[in-house]
Amino acid sequence: MSNTTHTATERASDDIKGDEPLSLDELYRESSHHQVNLGAKKIHAKRMPGKFRAFKWKVASLYLFYFIGPFIRWEGGQAILFDIQNRKYHIFGLTLWPQDIWILALALLTFFLSLYVVTAVAGRLFCGTFCWQTVWVDVYTWIEEKMEGSPAQRRALDSAPWDARKLAIKGGKTLIFLLIGVATGVTFTSYFVDVFDLWHRYFSLQGPIEIWVAPLPFIVGTYLGVGIMREQFCFWLCPYARIQGSMQDADTIIPTYDMKRGEPRGRLNKGDCIDCHLCVGVCPTGVDIREGMQEGCIMCALCIDACNSVMKKVNKPAGLIRYASLKEMLGQPVVPLYKRPRVIIYALLIASTLIGIVWGLTHLGTVELNVIHERQPLYVTLSDGSIQNKYTLKIINKGDRPLSIKIALSELPGAVLVDHDAAVHVEPGKVLPLNVIVHVPKALVKKDAMKVEFHILDSATGAFITETESRFIGPG
Ligand code: SF4
Ligand code: SF4
């Protein structure tokens, strides 16, 4: 056993040095010790108090905001509401339109880049502490423990014949799991329909089919993915689990068993590991971390808590299993974070996406103007010799008040707007398409494409609201 761990570490060391890979025999010997539970064994992990367990609960409690979120009110409406029907996304007083969706895309990109940087620094920290799958599994297994008892009692119940007691416990548990799935799905739907309106529709059995169908994938997905598959979901279905290995390197700190200190493991007078298997007993994915880094490890660090409690009992220093990098374990110099190219590049990318988001949010106007030049024909020569171009203006009133505007031109000498002196009204939340014609005397059309700017002005005060540039096409 100790040989295997040693070989795994040596292998990693070889990777760093770029030496020859292991022989086939060595590979088989090493892989025979890898622990990959492909679902044949149901994991009933022991729960223990500890620093990382407390941290896990604190981080998981942030998900309460997911459930509370739809009930938060802002300026008389729901603070966070993705109103797909009216194509408006409200976030605490900010209203984003489909045109502004790039800001949400940047926010998503920031999240993924943050995931990369966290993985480069501390491995699957996200998986072990904040991923909704593992958080929900943690809640489900907590409920399971309350209803079925300790891991030994749960295993006994699993193998016991079906009787009234087992039926009542398993049935009650399934019902609670389904109710959590319903709460998860309905909460998700509440981000798209005002939550009070949604509940009213549910209770009065009204509303479109969508509000009944939308929570279903969550109910089914939560029950199957969290209630049944559990850690197997991470192993078989999660794409992030597949790619996270490429984001880590020898400087990444992950929960690691200090093999030099722990081996040879055994009850007395050997290495520090007393071979109590507590680190395996608390692992929610059934991994024995003493066999080296493994695919099933979600890096929840609960084995660190377990082992530290054992070390305390046997009067040995804590940290036999601890967050450490491969370089630290091999006694190589540890590179500080600010000198690691991977971390620097991810941090710079995050900084640029954040700058983009701040710029976007601070430049959100209440009126947007899009100008589309008519293509067929590009221009018309009129009987008096002047050149005519036609445009379609799309005026979007993103505000919550009606708009009364006028259109004006600039940057194009001699340009005249035909029949557009009167004020134009745009209702709140509406897009007004407007055909406009521009004439320019032929003598002033010196090029085949000239710059023209369309302005939107307040019809009452003449104040500038917004502008958009276009081209005036002529014979040149
Ligand atoms: S081996 Fe340790 S860190 Fe990895 S999943 Fe198991 S308990 Fe969590
Ligand atoms: S909990 Fe610590 S002492 Fe016990 S088996 Fe695991 S590594 Fe060894």
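Reading the ligand shells, a hairpin and the domains

Student: Which residues come nearest to ligand 2?

Tutor: A residue counts as near a molecule if its C-beta atom, placed from the backbone, lies within 6 Å of it. Around ligand 2 there are 16 residues, of which Cys 273, Cys 276, Leu 278, Cys 279 and Cys 307 come nearest. Two elements give two or more residues to this shell, α16 (278–281) and α17 (302–313), and α17 gives the most, with 3 residues. Helices (H or I, at least four residues) and strands (E, at least two) are DSSP runs, numbered from the N terminus.

This is a predicted model, in which local features need pLDDT of at least 70 and side-chain atom pairs count only at pLDDT 80 or more, while totals for chains, interfaces and linings use all residues. Residues are numbered from 1 along each chain as its sequence is written, and chains are lettered from A and ligands numbered from 1 in the order in which they are written.

Student: How do the residues around ligand 2 divide by class?

Tutor: Ala, Val, Leu, Ile, Met, Phe, Trp, Tyr, Cys and Pro count as nonpolar, Asp, Glu, Lys and Arg as charged, and the others, Gly among them, as polar. The ligand 2 shell has 11 nonpolar, 2 polar and 3 charged residues. Ligand 1 has 14 residues around it, with Cys 283, Ile 289, Cys 297, Cys 300 and Cys 303 nearest. Its shell holds 12 nonpolar, 2 polar and no charged residues.

Student: How many bridges join β15 to β16?

Tutor: Two strands pair if DSSP finds at least two bridges between them. Here β15 (residues 449–458) and β16 (residues 464–473) run antiparallel and are joined by 9 bridges. Met 450 has Phe 472 of β16 as its bridge partner. The hairpin has 5 residues between the strands, and Gly 462 takes a positive phi near 75°.

Student: Which domains is the chain divided into?

Tutor: Domain bounds come from an automatic or database domain assignment. They give domain 1 (2–33 + 249–333), domain 2 (51–246) and domain 3 (367–473). The centres of domain 2 and domain 3, taken over C-alpha atoms, are separated by 49 Å. Residues are in contact if their C-beta atoms, placed from the backbone, lie within 7 Å; 5 residues of domain 2 are in contact with 4 of domain 3. The domain 2 side of that contact has 1 nonpolar, 3 polar and 1 charged residue.

Student: What radius of gyration does the chain have?

Tutor: The radius of gyration is taken over C-alpha atoms, and the globule rule is 2.2 Å times the number of residues to the power 0.38. The chain has 32 Å, whereas a compact globule of 476 residues would have a value near 23 Å.

How values were computed
Two residues are in contact if their C-beta atoms, placed from the backbone, lie within 7 Å.
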